[in-house]
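Visitor: I am new to this structure and would like to know what the words used for it rest on. Could you show it to me and take my questions one by one?

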Amino acid sequence: SRDVKKRRTLKREESLAERKIEDISRVDLADMEQFKVTLVKKAGSGLGLVIVGGWDTKHGGVYVKKLLPNSAASESSIIQRGDRVLSVNGKALEGMKHEEAIQELKNSPPSCTLQMARVKSSRPTQGSAQASIPEEQQSP
């Protein structure tokens, strides 16, 4: 049925996302482009990030596995699956266990700034030699 196909597609997408994060987690932080993004939570909602990783996992760092629809993170149009979350309002997530990182994100104030990192793009974008990520973006 259509529901079975939909579930299979979602599982396949999650599997691909997990493989992508495994590959990204092997990239040295020095080879990643860092950027900041400020998110404003909607009333009664979180940031809209599903994360994997933490020092107690195979990934080491904390990575974005999924963006929840209609959330502050997805509506920012900046954060992508596979981005590494370095800090929340200046508090480093490096060295935190997975559950600690989740709590840090959940307990963040309504407006919070995330320091992120992304593998540098090797593809030129509209005439520039390398993709550029603004130093800080404000979500709407």
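**Terms and what they rest on**

Guide: Let us start with Val37, which has its place in strand S1, residues 32-40. Helices (H or I, at least four residues) and strands (E, at least two) are DSSP runs, numbered from the N terminus. The model is a predicted one, so local features need pLDDT of at least 70 and side-chain atom pairs count only at pLDDT 80 or more, while totals for chains, interfaces and linings use all residues. Residues are numbered from 1 along each chain as its sequence is written, and side-chain values use heavy atoms, with hydrogens and water left out.

Visitor: Why is Val37 called buried?

Guide: Buried means under 20% relative accessible area, exposed means over 50%, and partly exposed is in between, with a 1.4 Å probe and protein chains only. Val37 has 0% relative accessibility, so Val37 counts as buried.

Visitor: How many helices and strands does the chain have, and in what order do they run?

Guide: There are three helices and seven strands. Read from the N terminus, the order is α-β-β-β-α-β-β-α-β-β. Of the 140 residues in the chain, 37% are buried.

Visitor: What makes a group of residues a nonpolar core?

Guide: The name is for a set of buried Ala, Val, Leu, Ile, Met, Phe, Trp, Tyr and Cys residues joined through side-chain atoms within 4.5 Å. The largest one here has 22 residues, and Leu39, Leu49, Ile79, Leu114 and Met116 touch the most other members. Elements giving two or more residues to this core are S1, strand S2 (49-53), strand S3 (62-67), helix H2 (72-76), strand S4 (84-88), helix H3 (98-106) and strand S6 (111-119).

Visitor: Which residues does Ile79 touch?

Guide: A contact means heavy atoms within 4.5 Å. Not counting residues up to four places away in sequence, Ile79 touches Val37, Leu39, Leu49, Val64, Leu67, Ala73, Leu114, Met116 and Arg118.

Visitor: What makes S2 and S3 a pair?

Guide: Two strands pair if DSSP finds at least two bridges between them. S2 and S3 have five bridges, in the antiparallel sense. Tyr63 in S3 stands opposite Val52. S3 also pairs with S4 in the antiparallel sense, over two bridges, and Arg84 in S4 is the bridge partner of Tyr63.

Visitor: Asp83 is in a loop; how do you know that Asp83 is buried?

Guide: Asp83 lies in the loop between H2 and S4. Its relative accessible area is 1%, so Asp83 is buried. Among the residues that Asp83 touches, beyond those up to four places away in sequence, are Phe35, Val62, Tyr63, Ile78 and Met116.

Visitor: What makes the link between Asp83 and Arg118 a polar contact?

Guide: A polar contact is a pair of N or O atoms within 3.5 Å; within protein, one must be able to donate a hydrogen and the other to accept it, and residues adjacent in sequence count only if both atoms are side-chain atoms. The side chains of Asp83 and Arg118 are joined by such a contact of 2.7 Å.

Visitor: Which residues of H3 are buried, and on what side do they lie?

Guide: The buried ones are Ala101, Ile102 and Leu105. They cover an arc of only 100° around the axis, which puts them on the same side of H3. The arc is that of the directions from the helix axis to the C-beta atoms. An α-helix has 3.6 residues a turn, so residues three or four places apart point the same way. The cover over the buried residues of H3 includes S2, S3, S4 and S6.

Visitor: Why is Ser77 called exposed?

Guide: Ser77 has a relative accessible area of 66%, so Ser77 is exposed. Ser77 is found in the loop between H2 and S4, and its phi is near 60°, a positive value in a residue other than glycine.

Visitor: Why is Leu68 called partly exposed?

Guide: Leu68 has 35% relative accessibility, so Leu68 counts as partly exposed. The place of Leu68 is in the loop between S3 and H2. Leaving aside neighbours within four places in sequence, Leu68 is in contact with Gly48, Val50 and Ser74.
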